[in-house]
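Subject: Structure handover and findings

Hello,

Here is the structure you asked to look at. My notes follow below it.

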Amino acid sequence: MTVRQYSGLSLALFMGTVIIAGARQAGADEHEYRLMDYLLENYNSAVRPAKNHTEPLTVTFGMALTQLIDVDEKNQIMTTNCWLNQVWMDNNLKWNPADFGNITTIRIPSEKIWKPDLLLYNNADSDYYHKIISTNAIVQFDGNVTWLATTIFRSSCEIDVRYFPFDQQNCSLKFGKELLPGLKADASWTYDGYKVDLVIPTEVGDVSNYVPSCEWNLINMTAKRNVVFYSCCAEPYPDITINLIIRRRPLFYVFNYLMPCALITVLAFLGFYTPSESGEKVTLGITTLLSMTVFLMMVGESMPPTADALPLIALYYGVTIFLVALATAVQVLTLNMHHRGSRGQKVPQFMKTFVLGYMAPVLCIHIDGSSKQYRQHAVTTPADDAFMRPATRMSISNQNRGTYQASEYRHLQPNGSALLNQRDPRGTKPDTVPLAQEHYQPEDNFNHPFLDTFERQFLRVLNKVYQSIERNEMRLSQQDVKDSLCLEWQELALVLDRFLLLLFLAATFFFTFYIFFTAPHARLK
């Protein structure tokens with residue numbers, strides 16, 4: 001055998017092996033090809049595949065929730081990722097496995113066979129029909145068809161913001177037999193309950209593949225079958241309603257909305273502790289109001305404009321803004337009280353008794369003068385003689401007597417005579433000179449013939465010095481009175497500031513706990 005003959009024989013053997021293998025492969029696929037042609041030959045996907053046209057076709061509907069993507073409170077839309085499972089019997093897709101190589105299951109493109117026209121009633125997505133990812137339908141030899149599909153639903157959900165951010169929502173997805181996409185709005189339903197009946201395998205929702213959300217906790221998922229009779233038709237229309245009970249996880253809102261509001265409120269109340277001389281008490285309150293208003297606007301942007309209920313967080317912001325505004329107004333009054341003593345106005349006795357006598361020791365505030373003395377009315381008022389200097393007190397005493405003893409100047413007589421102290425021929429009482437006459441008409445005493453010019457000038461200077469010292473003493477005494485009044489008003493304002501600080505802090509904590517503990521699901525997790 002030559003080399004050429006050997007090469008030809010080898011090529012013939014190789015080609016024969018390839019042909020035999022191809023023939024076996026073709027024989028293995030031939031049964032599925034024949035089965036596919038057999039099933040789809042003369043098959044009309046628009047015809048309901050019931051055994052009898054008078055019998056309803058039962059469709060078992062199931063839905064598995066895989067992810068809760070988003071809940072838009074402002075637009076009231078819930079976005080979910082779901083897997084749909086629909087099972088029915090198609091009497092036009094039956095075969096004998098023995099005739100097709102014992103094939104019991106085949107995959108057929110879903111667009112080539114009849115499918116139930118189940119749609120989402122509360123759909124909020126205009127592009128709903130293009131978002132359903134459809135897979136091949138799994139068909140068994142007895143006509144059982146299983147169609148699996150996955151899609152992202154955007155459904156309308158009525159959001160109850162009464163207890164936001166400690167709220168719990170009840171959203172639903174309602175599936176039923178709808179109009180076909182190409183029909184007009186006034187067309188009839190495609191199938192009623194007598195043609196296609198919907199059933200559910202179980203009332204417990206399938207959450208075996210659920211991915212937990214970072215914002216919401218899935219509390220419960222249930223399925224319910226409903227039968228509705230519409231006014232247009234006498235036939236029943238069943239639907240499947242999937243109820244989702246979700247609860248918000250409020251940790252984000254507590255740390256980003258509630259805690260800043262609480263801290264800003266406490267900071268505003270510290271204005272009561274700020275010294276009145278700083279001039280920043282009212283400025284601090286106004287700045288706090290502006291910052292809280294900004295936070296309230298941020299919260300309002302994420303809430304739906306509903307008039308049914310006021311959100312809990314908006315109620316909290318409203319109460320705190322009112323408290324801060326009231327605290328700012330009260331601080332204006334305490335500031336006015338702090339500076340009232342500079343006008344010389346006295347503190348009413350009942351305010352001194354109650355505020356300085358009782359409230360100050362309770363608030364542990366030390367004041368000038370004993371609180372017990374204030375309670376017993378033993379503290380003299382700034383107009384009493386106890387607040388006057390000795391020289392001023394002597395001058396006022398002399399004025400009250402109305403006379404001045406001229407004998408005090410007796411040693412000024414050059415010859416030592418007591419002409420100014422002579423007895424009256426009609427009595428023994430010495431002569432006296434009125435104080436007013438001495439102060440304002442001193443020349444009558446200095447015109448004595450025994451006094452020379454130098455002595456008269458010297459006495460005139462001494463009298464002017466005495467008058468100047470007396471006027472200074474009067475001014476100092478008046479300043480002491482004014483300082484005493486200012487001190488009492490300042491102490492009064494200090495006690496009231498401390499009392500109002502504790503009062504507003506207590507009111508803030510009370511309203512905070514009252515508002516948020518009224519929420520039935522006030523938890524951070």
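In which sense do strand 1 and strand 2 pair, and over how many bridges? Strand 1 (residues 57-72) and strand 2 (residues 77-89) are antiparallel, with twelve bridges. Two strands pair if DSSP finds at least two bridges between them. Helices (H or I, at least four residues) and strands (E, at least two) are DSSP runs, numbered from the N terminus.

Some ground rules. This is a predicted model, where local features need pLDDT of at least 70, side-chain atom pairs count only at pLDDT 80 or more, and totals for chains, interfaces and linings use all residues. Residues are numbered from 1 along each chain as its sequence is written, and side-chain values use heavy atoms, with hydrogens and water left out.

Overall picture

The protein chain has ten helices and 13 strands. It has 525 residues, of which 37% count as buried. Buried means under 20% relative accessible area, exposed over 50%, and partly exposed in between (1.4 Å probe, protein chains only). Take the contacts in the chain with a separation of 6 or more: residues 24 or more positions apart account for 75% of them. Contact means heavy atoms within 4.5 Å.

Strands

Strand 1 and strand 2 form a hairpin, with four residues between them. In the turn, glutamine 76 has a positive phi of about 55°. Threonine 60 has valine 87 of strand 2 as its bridge partner.

Strand 2 also pairs with strand 7 (residues 144-156), in the antiparallel sense, over 13 bridges. Here threonine 80 is bridged to phenylalanine 153 of strand 7. Threonine 80 sits in strand 2. Its relative accessibility is 0%, so it counts as buried. Beyond neighbours within four places in sequence, threonine 80 contacts Leu65, Gln67, Leu68, Ile69, Thr151, Ile152, Phe153, Leu173 and Leu244.

Phenylalanine 61 lies in strand 1. Phenylalanine 61 is buried because its relative accessibility is 2%. Leaving out neighbours within four places, its contacts include Leu84, Leu118, Phe175, Val199 and Ile240. Phenylalanine 61 and leucine 118 are 57 residues apart in sequence, and their C-alpha atoms are 9.4 Å apart.

Arginine 248

Arginine 248 is in strand 11 (residues 236-248). Is arginine 248 buried or exposed? It has 2% relative accessibility, so it is buried. Its side chain makes a polar contact with the side chain of glutamate 73 at 2.7 Å. A second one goes to the side chain of aspartate 167, at 2.7 Å. A polar contact is a pair of N or O atoms within 3.5 Å; within protein, one must be able to donate a hydrogen and the other to accept it, and residues adjacent in sequence count only if both atoms are side-chain atoms.

Neighbours within four places aside, arginine 248 also touches Phe164 and Pro165, among others. The peptide bond between those two, phenylalanine 164 to proline 165, is cis, with omega near 10°. Proline 165 lies in the loop between strand 7 and strand 8 (168-177).

Helix packing

Helix 4 (residues 312-338) and helix 10 (residues 453-517) have axes that come within 10 Å and cross at roughly 175°. Axes are lines fitted to C-alpha atoms, for helices over the stretch in contact, and angles run from 0 to 180 degrees between N-to-C directions. The two helices are therefore roughly antiparallel. Angles under 35 degrees count as roughly parallel, over 145 as roughly antiparallel, 65 to 115 as roughly perpendicular and the rest as oblique.

Helix 2 (residues 251-269) packs on helix 4 at about 10°, with the axes 10 Å apart. So helix 2 is roughly parallel to helix 4. Their contact has twelve nonpolar, three polar and no charged residues. Ala, Val, Leu, Ile, Met, Phe, Trp, Tyr, Cys and Pro count as nonpolar, Asp, Glu, Lys and Arg as charged, and the others, Gly among them, as polar.

Alanine 268 is in helix 2. It is buried, with a relative accessible area of 3%. Neighbours within four places aside, alanine 268 contacts Leu284, Thr288, Val324 and Gln331.

Loops

Asparagine 42 lies between helix 1 (3-40) and strand 1. Its phi is near 60°, positive in a residue other than glycine. Asparagine 42 is exposed, at 76% relative accessibility.

Best wishes
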